[in-house]
Amino acid sequence: MSYARSQGGARGHDGGGQRGDGRGGSGGEHGGSVPSSWARRCFGEAAAPLAAAVPERLLRAHERALAAHLGAGLKRRGPYGRTLLEAAREELAEGAQALGGDARELHGYTYAVLNDHVLFPYKYADRPLPLGRARMPHASVTRQRLYHAHGPEGQEGLFPLDEELTSEDYEQLHEAFEELGRTARLVSVFFTADPEGGIHAVHWGSARLEPDHTFAWDHSEQLDIPART
């Protein structure tokens, strides 16, 4: 299957602390084929090719997940969702390596790292849904630590102590993963997809995971998805 790039580039929203519930300001950069200043700060000269590669890689991940779904012969979408996320991590890692980055292992999963920034893919819905409504209902300790230690700074007390969380566990949430690099920063790559409709939308940016499982975005951009031909 071949694809043709659709016109345009990334549509950006900077600053304002846009919340996961859709509140907050937005502004910013509309780039055409020129990467945004945020993308250039994160990825340097690789910003433009990476912005093009991310949606293309997610389309490949969808094709792999769809093949697994159809091969399983099940009506439920379990095989699709599980395969999609794993394939997305692998595809993004391969894309980063093609641009001079690394593929790094963390707890058995592969993550793309480019210019000291980690790409974290997450399918937040199986239907078209605004980014502001994205939630992570079941945030594992690893995911909490990724966002707290490698995400935007300034969120003291993001995960307060409770009866089931020891002081040692709490401190570990603040410790950067050596496997990814202590100074590595997290770039969230959020998308919606389903077996029939494929990839609906792709966003990337800098986000904080909030205690209510929503996200506050310091910056977000919607990436253009290549058109099928």
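Predicted model: local features only at pLDDT ≥ 70, side-chain atom pairs only at ≥ 80, totals over all residues.

Q: Okay, on to the inside. Which residues of the largest nonpolar core touch the most other members?
A: The general idea is that nonpolar side chains in soluble globular proteins tend to be buried together. In this structure the largest such core has 31 residues, and the ones touching the most other members are F43, V54, L58, L119, F191, V202 and W204. At least two core residues come from each of helix 1 (37–43), helix 2, helix 3, strand 4 (109–114), strand 6 (185–194) and strand 7 (198–209). Helix 2 gives the largest share, eight residues.

Q: Which residues is L119 in contact with, leaving aside its neighbours within four places in sequence?
A: L119 touches F43, L50, V54, L92, Y111, A112, V187 and V189. There's also another core lying apart from the largest one: it has 24 residues, including A125, A139, L186 and F190.

Q: Let me try a single residue. Is L84 buried or exposed?
A: The cut-off to keep in mind is that buried means under 20% relative accessible area. L84 sits in helix 3, and its relative accessibility is 1%, so L84 counts as buried. Beyond its neighbours within four places in sequence, L84 is in contact with A61, H62, A65, K123, F191 and A193. As for L59, that residue is 25 places from L84 in sequence, and their C-alpha atoms are 9.8 Å apart in space.

Q: And a whole helix? How many of the ten residues of helix 4 are buried?
A: You can check a helix residue by residue. Helix 4 (residues 141–150) is mostly covered, with eight of its ten residues buried. Those are R143, Q144, R145, L146, Y147, H148, A149 and H150.

Q: Now the charged side chains. How many salt bridges does the count come to?
A: To spot one, look for a Lys or Arg side-chain nitrogen within 4 Å of a carboxyl oxygen of Asp or Glu. The count here comes to eight salt bridges. One of them pairs R57 with E94, whose closest N and O atoms are 3.2 Å apart. This pair links distant parts of the chain, since R57 is in helix 2 (residues 47–72) and E94 is in helix 3 (residues 78–98), 37 residues apart. R57 is buried at 14% relative accessible area, while E94 is partly exposed at 39%.

Q: Which residues are linked with R57 in a network of salt bridges?
A: R57 is joined with R64, E90, E91 and E94 in that network.

Q: Can you show me a couple of others?
A: R104 and D102 form a salt bridge with their closest N and O atoms 3.0 Å apart. R104 is partly exposed at 24% relative accessible area, and D102 is partly exposed at 34%. E178 and R182 meet in another salt bridge, 3.0 Å from N to O. With a relative accessible area of 53%, E178 is exposed.

Notes. Residues numbered from 1 in each chain as written. Heavy atoms only, no water. Helix = DSSP H or I, 4+ residues; strand = E, 2+ residues; numbered from the N terminus. Buried < 20%, exposed > 50% of the residue type's maximum accessible area, 1.4 Å probe, protein only. Core = buried A, V, L, I, M, F, W, Y, C linked by side-chain atoms within 4.5 Å. Contact = heavy atoms within 4.5 Å.
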